[in-house]
Every structure is written in C-alpha cells, then in structure tokens.
Amino acid sequence: MAAYSTFRTGGTVEAMVESGDLDELVALMRWLHRHQIPWQVIGGGSNILVTSSYHEGVFIRLGGCNDICVGPPGDTETAADCRLLVGAGCNLAALVSWCTRNGLAGLEFMAGIPGSVGGAIRMNAGAFGHSISEALMSVQWINEQGEILEAVRGNIVFSYRHSQFPGEPAGKMLITRGCFLLQRGDREVLAARCREIIEQRRQKQPWGLGSAGSVFKNPMGDFAGRLIEQAGFKGVTYGKAMVSPQHANFIVNTGGAVPEDIIGLMQEIRRKVLQQSGVLLEPEVHII
Ligand SMILES: Cc1cc2nc3c(=O)[nH]c(=O)nc-3n(C[C@H](O)[C@H](O)[C@H](O)COP(=O)(O)OP(=O)(O)OC[C@H]3O[C@@H](n4cnc5c(N)ncnc54)[C@H](O)[C@@H]3O)c2cc1C
C-alpha cells in the first residue's frame, strides 16, 4: 500500500479494485456483501496509515470517478450561486483549480489539501476555520448492501474531521458524489487567494517528505502541535519516522519508515502529552 498512501509506507492487501462506474461499484458492493468479503475504501491515501499486516479482502479506489458538472444547465450563466456535481474520485486540487478557472468561490480554503473529494467529505476536511461541509448541498453514496442513497447536508452530521451519514453510524459506505453550492467570484481574486494559502502551507508545513498532514486532532481550545512541541518532540525520531522540526503535528517518513515506526512515535507522543498536559490526543489519521 506504500504506493497508495502519502505516508509512502503500508502493508499488503489481498486485492485492489479501481472503478469510477456507478453500476460497476453497485455490483461490486452487492457481490462483496453476498460473499461476506471484507472491504475498505480509500481515496488519495492522504489521511491513512495501512499497517504492515496482510489485509484480507478488497480495497476500493474510485479511479476515474472524477467528473465535475454544472447543474442544472444554465445555472452559471445567470445565477449568483452555482451547483456543482463532483465525482468522489476527483482530486481536490483539480476541483479547486477548476473552480478558480471558472470563477466559482467557496472552496479556496481547501487549496493545498491533498486527496480526493470523497475522502475530504468523509473526513470533513478543512482549514483556516472552514470545512468542506459548509459548501456541500448533498452527498450520494453506496451502502454496504449495494444501494445508492443520497442525503442533503442537513441530514448528515458533520463535525471536526468527522462525518456521520444517516443509517451509516459505522461509516462503512462508499461516497460517490458530492453536490456543492458555490458563489460567483472574480477569477483573479480567487487565484490570488489560493496562491496565498498554498504559500502559507509551504512556510508552515514540511514539503516533499511522506506524511499524512496533521496526525492528531486539535483538542478543544488548543493545538495538538503546540502540546507536542511543548513535550519536546520536534525532530524526535522513532525508526525512520520523525516529528517534523517544522510542524510538530506532522510525522514524516524520512525514508524507509515502516507503519509501526509511525505508530510507535504516535504512542510515545500520546503518552508523554497526557503525562505533561493531561490531554489525551485523538488521532486524525485513520489507521487501517
Ligand atoms: C501534506 C498534507 C496536508 C494536509 N492538510 C490538511 C488540512 O489542512 N486539512 C485537512 O482536513 N486535512 C489535511 N490533510 C489530510 C488529508 O489530505 C485529508 O483528510 C483528505 O481529505 C483525505 O482525503 P483522501 O482522499 O486522501 O482520503 P484517504 O486518506 O484515502 O481516506 C481517509 C478516510 O476517508 C475514507 N474515504 C476515502 N474515500 C472515501 C469514499 N469515497 N467514500 C467513503 N469513505 C472514503 C477512507 O476509508 C478513510 O477512512 C493533509 C494531508 C497531507 C498529506
């Protein structure tokens, strides 16, 4: 899985299926359900850590499911708002730059966040005090039984880096599409805003090394990075994993790290931060 995770490390899976075709995905989910085969969905792999063990079953990726369509027809020409239907496999960076090129505002804060639209909806990804759910109108998904379902934003519980879909408390479903409500904006202004955000990220975050972004969620009213730095972890290594000297809530793969290096470092951090600050950090990264 190293090739499918931005941590650039991970174990082996029995099978990987990549499809962007809704009918094919429905058939796959029904077949997996009928045969009781375990499965797991992944997007861009930018928020997962796949352990070294052998993973039985099927990993599903929404390859090709990346259409961006404006709907209903004519919306963009006249209205101040625009509805955009986006396939869950669509790369977030591609969506943000499409919106900028087409003068649609509302997702600039997502500039520089890697991964897919499906993964971002699942994680309720965000930055600078905003999250993707704010721009969502509805989400379509396939449940474990292979049924296509859809819910409006008001019926989905979005919280900090988490989403809970009606009837899917365990989050075992395959998001296939998001419908966004965006506003008309000036292309130059939007492009400048995105550039500014990406520049801020470059300055504050490690660039070029394998990572999954922030490893822990920020505790209420505080920053995980601050607590980790205070506990003296900046630059600390565990095997080939290291707490970024630039941003203490990033663990980077310095080259050849195994998943257990990262997990070991996470455990050390949790233990020491709890001891020093009385805060039990909750992982943001999904360990599979
Ligand atoms: C350098 C860097 C910076 C980052 N900065 C930020 C940031 O500022 N803000 C932020 O919120 N995150 C950030 N992240 C984390 C990550 O990019 C986001 O959480 C992203 O939205 C994850 O999307 P993904 O497609 O990569 O999902 P994955 O990592 O592949 O999966 C994450 C979870 O979503 C589930 N999932 C994926 N696709 C689907 C689907 N189609 N249907 C149902 N479930 C699905 C997976 O099963 C898994 O549980 C950063 C990561 C990196 C590497």
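Which element gives the most residues to the shell around the ligand? The element is α4, with five residues. Helices (H or I, at least four residues) and strands (E, at least two) are DSSP runs, numbered from the N terminus. The model is predicted: local features need pLDDT of at least 70, side-chain atom pairs count only at pLDDT 80 or more, and totals for chains, interfaces and linings use all residues. Residue numbers start from 1 along each chain as its sequence is written.

The ligand is surrounded by 31 residues, of which the closest are Gly 43, Gly 115, Gly 118, Gly 119 and Gly 213. Two or more residues of this shell come from each of β2 (39-42), α4 (117-123), β7 (126-127) and β13 (174-184). By class, the shell holds 15 nonpolar, 15 polar and one charged residues. In this classification Ala, Val, Leu, Ile, Met, Phe, Trp, Tyr, Cys and Pro count as nonpolar, Asp, Glu, Lys and Arg as charged, and the others, Gly among them, as polar. Domain 1 (2-61) and domain 2 (68-204) each supply at least three residues to the shell.

The domain assignment of the protein gives domain 1 (2-61), domain 2 (68-204) and domain 3 (224-287), with bounds that come from an automatic or database domain assignment. The centres of domain 1 and domain 2, taken over C-alpha atoms, are separated by 22 Å. Between these domains, 14 residues of domain 1 are in contact with 16 residues of domain 2, where contact requires C-beta atoms, placed from the backbone, within 7 Å. On the side of domain 1 that touches domain 2, α1 gives the most, with six residues. That side has six nonpolar, seven polar and one charged residues.

The protein as a whole has seven helices and 17 strands. Its radius of gyration is 19 Å, close to the 19 Å that the globule rule gives for 288 residues, so the protein is as compact as a globular protein of that length. The radius is taken over C-alpha atoms, and the rule is 2.2 Å times the number of residues to the power 0.38. The C-alpha trace spans about 55 × 50 × 30 Å along its principal axes. Of the 288 residues, 38% count as buried. A residue is buried if 20 or more other C-beta atoms lie within 10 Å of its own, exposed if 12 or fewer, and partly exposed in between, with C-beta atoms placed from the backbone. Among contacts with a separation of 6 or more, 67% are made by residues 24 or more positions apart.

An open sheet of three strands has the order β14-β15-β16, with antiparallel pairing. β14 (237-238) and β16 (251-253) are the edge strands, each pairing on one side only. Two strands pair if DSSP finds at least two bridges between them; β15 (residues 241-243) and β16 are joined over three bridges. Val 243 stands opposite Ile 251 in β16.

Most residues other than glycine have a negative phi. Gln 36, in the loop between α1 (22-34) and β2, has a positive phi near 50°. Gln 36 counts as exposed because it has 7 C-beta neighbours inside 10 Å. Phe 128 is not a glycine either, and its phi is positive at about 50°. This residue lies in the loop between β7 and β8 (130-131), and Phe 128 is exposed, with 11 other C-beta atoms within 10 Å.

Methods: A residue is near a molecule or strand if its C-beta atom, placed from the backbone, lies within 6 Å of it. Two residues are in contact if their C-beta atoms, placed from the backbone, lie within 7 Å.
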